[in-house]
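Student: Can we go through this model together? I'd like to start with the charged pairs and then move on to packing and the surface.

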Amino acid sequence: MLSDPGGRYRVVLPAIARVAVLGAVCAAVGWVFGARVGLWVGVTCLGVLYLGQLVYLAALGNWLERPSLATIPNGIGAWSEVFTRLYRQQRASEIAQQRLIDNEQRFRRTISALPDGIILIDASFQIEWCNPVAERHLAVSLRRDQGLRLTNLVRDPAFVAYMGAGRFEQPLLFSPLTLPAATLSLTVVEFEPARSIVITRDVTQSERVDAMRRDFVANVSHELRTPLTVIKGFLESMIDGGADLDSTRLHHLNLMYEQADRMHRLVEDLLTLSRLESQESPGLEEEVDAAQLVAEVADEARTLSAGRHRIGVEVEKLRLRGSRDELRSAYGNLVSNAVRYTPAGGQITLRSVGQDGGVALQVEDTGIGVAPEHIPRLTERFYRVDKSRSRETGGTGLGLAIVKHVLIRHQGRLDVQSEVGHGSVFSAWFPPERRLASSGEREAA
């Protein structure tokens, strides 16, 4: 409190001066009335000063128990300086505290005005604070439920399982029991070791629009399938029986058939995507022999390659739990992309390996590669790195989108490592809970 030298001097020097004056007075009294009288006068004055110090110390102690600007004591001499400094410090402290309170209230008003629900929870999921939107979304009350576990208040099975799993990489979409007509997107952000923020957002409207889009694409694709099948059939008949046609007309018919076939494959891929998006998990799950799956897809790759590439297989005897048809479709799309984008004479290697406790189905090629800026967008619908080359190879632009949705349904992920001009490695990884067995030695073919 008296850290500066000037402050110490302002307190100490007046005290020394008073003691000096007292000594002079006692000496004068002793010289006039005798030494004994002077001594008693000195002792009496020192006692009065001591009692005064005790009174000020008691006042200081009482004030420190409940410090306030309104109740700070007054003093004389050195105590006046002490109490003045205490007043300044208390005033600065109260101003800073009020500023903090104002900032906190402003922050809470700002959070309360957000359209998203915000809940602050501790490591035990106990509610520390929430805004009114979160109260409406999850039917909780800050006044009533503060300090209670959020998972005890929101008993929706999907929510409880999500919070209990502790894996918050992907948001949770669910319809709370208290708002069955609404769809919420829930995200958990861990900003401190012992605290997290739960963010809820009403995505009902966007989910309805997305559902309408999926239904529209599915219905249009379904309606296009029949006429395209008829057109393909007639074109194929005309080509097969076109011995009397000239070369120009036969060439035109072949072009028409190729484009009709491409449209048919596009429609089939759109229908597949619509089916994958409309279901959260595979309808029928079974044990899938990963080595056998890789071998079957490798045979298809050899047919598609027609001898233009070297196709190799390296497998571990692993088993997966999932939809065999979906897994084969996803892995087949990865392999067909490798065949399309690998120049003739290149090497394509198919693998099934154990990785991070799970299973990875990999495709490695020596193709043209993918630039780093394109990799994050590879799974978007109709996204093409090289549009002209994609059309030449006959791709629909939906293969990797199908792969992404199949992996999402199997709690997996797609890892891509690529270098332009040196090839790529596409890896479909499935978590440990999808792995059923791991046995056998690595085989090569």
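**Salt bridges and packing**

Tutor: The count comes to 23 salt bridges, a salt bridge being a side-chain nitrogen of Lys or Arg within 4 Å of a carboxyl oxygen of Asp or Glu. This is a predicted model, where local features need pLDDT of at least 70, side-chain atom pairs count only at pLDDT 80 or more, and totals for chains, interfaces and linings use all residues. Residues are numbered from 1 along each chain as its sequence is written, and side-chain values use heavy atoms, with hydrogens and water left out.

Student: Which side chain does E433 meet in a salt bridge?

Tutor: That of R167, at 3.1 Å, N to O. E433 lies in the loop between strand 11 (423–430) and strand 12 (435–444), and R167 in the loop between helix 7 (157–165) and strand 3 (172–174), so the pair ties together parts that are 266 residues apart in sequence. Helices (H or I, at least four residues) and strands (E, at least two) are DSSP runs, numbered from the N terminus.

Student: What about E296 and R324, buried or exposed?

Tutor: Both are buried, meaning under 20% relative accessible area, with exposed over 50% and partly exposed in between (1.4 Å probe, protein chains only). Their side chains meet in a salt bridge at 2.6 Å, N to O. E296 lies in helix 10 (residues 290–305) and R324 in helix 11 (residues 324–340), so the pair ties together parts that are 28 residues apart in sequence.

Student: Changing topic: at what angle do helix 8 and helix 9 pack?

Tutor: Helix 8 (residues 204–240) and helix 9 (residues 247–278) pack at about 155°, with their axes 8 Å apart. That makes helix 8 roughly antiparallel to helix 9. Axes are lines fitted to C-alpha atoms, for helices over the stretch in contact, and angles run from 0 to 180 degrees between N-to-C directions. Angles under 35 degrees count as roughly parallel, over 145 as roughly antiparallel, 65 to 115 as roughly perpendicular and the rest as oblique.

Student: And helix 9 with helix 13?

Tutor: Helix 9 packs with helix 13 (residues 399–409) at about 20°, the axes being 10 Å apart. That makes helix 9 roughly parallel to helix 13.

Student: Last one: which residues form the nonpolar patch on the surface?

Tutor: W31, V32, F33 and V37, with about 520 Å² of accessible area together. Patches are made of residues with over 30% relative accessible area and no salt bridge: like charges are joined within 9 Å, nonpolar side chains (Val, Leu, Ile, Met, Phe, Trp, Tyr) within 5 Å. Accessible areas come from the Shrake-Rupley method with a 1.4 Å probe; for residues, only the protein chains shown count as cover. V32 is exposed, at 54% relative accessible area.
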